[in-house]
Amino acid sequence: MKCLVVVIWVVWFGLCGQPARAEVEYAQGIARVRGNLKTVDAVKLDEILANNYIEKIIFGDSLGGTAEAAFNFMEVIKRYKAKTEVDGKCFSACALAFIAGSERRFHKGRQINLLMFHMGRTQKNKLIQEYDENERLFRLLDEATDGRLKEPVRSLIRKAWTPEAGVLFTSAPSFFGRKYQTFYCNGEQKVDFNKCQFIENSNALELGIVTGLD
């Protein structure tokens, strides 16, 4: 078993209180979304796309957001057929927003890019439960990847809704160019993501997560 060589922190749907709101900025044909997504941020992105030429939307420094925000971002991005890119870390709701892009890539450069997918969850009566709309979320993921998600990754994403669980796609610099890998984190690793399990023959391009490599 291979291990991930970076340590990351993840905030999941509805957990750890209220995350910091995202920053949505526009400059020179590029919209940048940083931070944790909320519905109001999707409204701002919609206004930017409606009034400006956009080459692409770059997501980064995002640990997630709300499931409702993920739906809103996906709807806006699909409506404008916008291209999306990951620069750094993009987890949870951010990853679902990213997957709505008409073309999707990891950002070029020397940084490590991390893209984490899992289903949502809610808290009711102080109990953590699976989110009621997870089937809808999963259908949108299947649609965005043109049905290219294959086993075991497909099932691992669908069942990952408990804390710290998910499928992580990575793009990292190496001596021989960039290296693309996929890992499954079952939640037992907590914040030590070196314990996540490597998944063979399952890179992001093959599974339709990205449409081209950086």
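Let's start with Asp-146, which sits in the loop between H4 and H5. Helices (H or I, at least four residues) and strands (E, at least two) are DSSP runs, numbered from the N terminus. Before going on, keep in mind that this is a predicted model: local features need pLDDT of at least 70, side-chain atom pairs count only at pLDDT 80 or more, and totals for chains, interfaces and linings use all residues. Residues are numbered from 1 along each chain as its sequence is written, and side-chain values use heavy atoms, leaving out hydrogens and water.

Asp-146 isn't a glycine, yet its phi is positive, at about 55°. Is Asp-146 buried or exposed? With a relative accessible area of 63%, Asp-146 is exposed (exposed means over 50%, buried under 20% and partly exposed in between, using a 1.4 Å probe and protein chains only).

Stay in that loop, between helix H4 (134-144) and helix H5 (153-159), and you'll come to Pro-152. The peptide bond joining Glu-151 and Pro-152 is cis, with omega about 5°.

Now jump back to Gln-28, in the loop between strand E1 (23-27) and strand E2 (30-34). These two strands run antiparallel and are joined by 5 bridges; strands pair if DSSP finds at least two bridges between them. Glu-25 stands opposite Arg-32 in E2. The hairpin of E1 and E2 has 2 residues between the strands, and Gln-28 takes a positive phi near 50° there. Gln-28 is also exposed, at 79% relative accessibility.

What does Leu-37 touch? Leaving aside residues up to four places away in sequence, its contacts (heavy atoms within 4.5 Å) include Ala-22, Thr-66, Phe-73 and Cys-94. Leu-37 and Glu-23 are 14 residues apart in sequence, with 8.7 Å between their C-alpha atoms.

Finally, find the open sheet of 5 strands, ordered E5-E7-E10-E11-E12 with mixed pairing. Its edge strands are strand E5 (89-91) and strand E12 (197-198), each pairing on one side only. E12 runs antiparallel to strand E11 (residues 177-186), and 2 bridges join them. Look there for Tyr-184, which stands opposite Gln-197 in E12.
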